[in-house]
Amino acid sequence: MTAPPDDCLARNEWLCGAYLDTRRHLLFDAVVQHLQLTVLSVLTGLAVALPLAVLARRWRWAAGPVLALTTVLYTIPSLAMFSLLLPLYGLSATLVVAGLVLYSLTLLVRNILAGLRAVPEETRQAALGLGYGPIRLLLTVELPLALPAAMAGLRIATVSAVSLVTVGAIVGFGGLGNLIYAGMNTYFKAQVLTASVLCVLIAVAADLLLLGVQRLITPWTRAARA
Amino acid sequence: MDQGGPGVNTLTAAWDWLTDPAHWPGADGIGHRLLQHLVLTVVCLAVSCLIALPVALVLGHLGKGGALAVNISNVGRAVPTFAVLVLLLLTPVGRWGEGPTVVALVLFAVPPLLTNAYVGVREVDRNVVQAARGMGMTGPQLLFHVELPLSLPLVMNGVRIAAVQLVATATIAALAGGGGLGRIITAGFNLASTPQVVAGAVLVAVFALLVEGVFEIVERLAPAWARGGR
């Protein structure tokens, strides 16, 4: 019988290089799942939020109910949200994505709507005077001017989604949250800390990436300040 | 599956679970979990306010530490609640019953309180502050008689965000073995009982909406000046 190896894994240390070496594939798969769940839910959320915000802008009476509904959704704690969707989606990745979409709606609708409302009336009138139809006005004037506010919402929604994906561990689809959950049950300190740190790194990287995109697609906001 | 469809069936089953008198008493009963959740939320909200509000008001009054006070909310959003709960559970704090839950709750309630109170004090009209100084008000008088009353709407908004955050965090605490209504959900998952999971989720959702509702009512009842110009 050989003696157990005396490395940081055996000693259950928080920081452990051997953990990174031996579980590289596990970590990689978890990060990929984490990114997939985040990207899918944020993009779906954006696809739903954009028409909602445009409709709420066009028809004033729709704004109140839309904002009230999304606020109510945002108030429901994540664990309860996933649980309420269980009868509809079962233990699946779709359940986690659906829950995250409902969360991102509040932030996205509110910010896009604020951006659309902030478009100066003179600008709209000028575009109308130039013969712009309602669709061309929306696509080429109103939406571009609403971009800074919309991007701010998108950044907050994305960072929140990265953090909330971990709760998906309750149904087995939590990306890095799965590793945290498993690490908790086995008191595996290195795994919990590594997964947690990776999660924060993903959130920060996503935020910086979106900030870069925002600068690229709204060059006029910098020109005005300079 | 019968004619009612899965949605209707589950809701009926969840309702039956909720109204079953056997599920209410005892340490794992709904009554005890509800009380735990309420106590955790209220106590941690009070503690967080005691920690965050004096710091934020003084910093706002002095106009110092603004970058920290504003950015701490963004940091709080990027750190997963669940990860913090598990990390705390594996530290010595974890051996102390509800320790990890209480520490995590306070950690996540402090950022919105800090940010909103700081911004609130800084956004008080500088002319009003100048006028108060001109009348010979001292620093503390200025803070308590001018800046605090005028920043109350934003301060209260921070308390409201913190309260909603506390209810959500207390729910997730169940994943890491903490008490509260989330335990009904996690127990439901362990038993593979969808009705119990849904029943627990409904309880949590109603609890969260009630907390939000209390703040809404307080805001409506408040005198006009305390509601702000919005």
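**Interface and pocket of the A–B model**

Between chain B and chain A the count of salt bridges is zero, a salt bridge being a side-chain nitrogen of Lys or Arg within 4 Å of a carboxyl oxygen of Asp or Glu. The model is a predicted one, in which local features need pLDDT of at least 70 and side-chain atom pairs count only at pLDDT 80 or more, whereas totals for chains, interfaces and linings use all residues. Residues are numbered from 1 along each chain as its sequence is written, chains are lettered from A in the order in which they are written, and side-chain values use heavy atoms, with hydrogens and water left out.

In the interface, 34 residues of chain B are in contact (heavy atoms within 4.5 Å) with 36 residues of chain A. The two chains bury about 3,000 Å² between them, 84% of it on carbon and sulfur atoms, where buried area is the accessible area (1.4 Å probe) lost on putting the two parts together, summed over both. To the side of chain B that touches chain A, two or more residues are given by each of α3 (66-78), α4 (81-90), α7 (139-172), α8 (182-190) and α9 (194-221) of chain B, helices being DSSP runs of H or I with at least four residues, numbered from the N terminus. Of these, α9(B) gives the most, with ten residues.

The largest pocket is lined by 49 residues, and those nearest its centre are Tyr74(A), Arg110(A), Asn157(B), Arg160(B) and Ile161(B). The largest share of this lining, twelve residues, comes from α7(B).

Terms used:
On a 1 Å grid over the protein atoms alone, a cavity is a set of points where a 1.4 Å probe fits but cannot get out, and a pocket is an open set with protein on both sides within 12 Å along at least five of seven lines; lining residues have an atom within 4 Å of a point.
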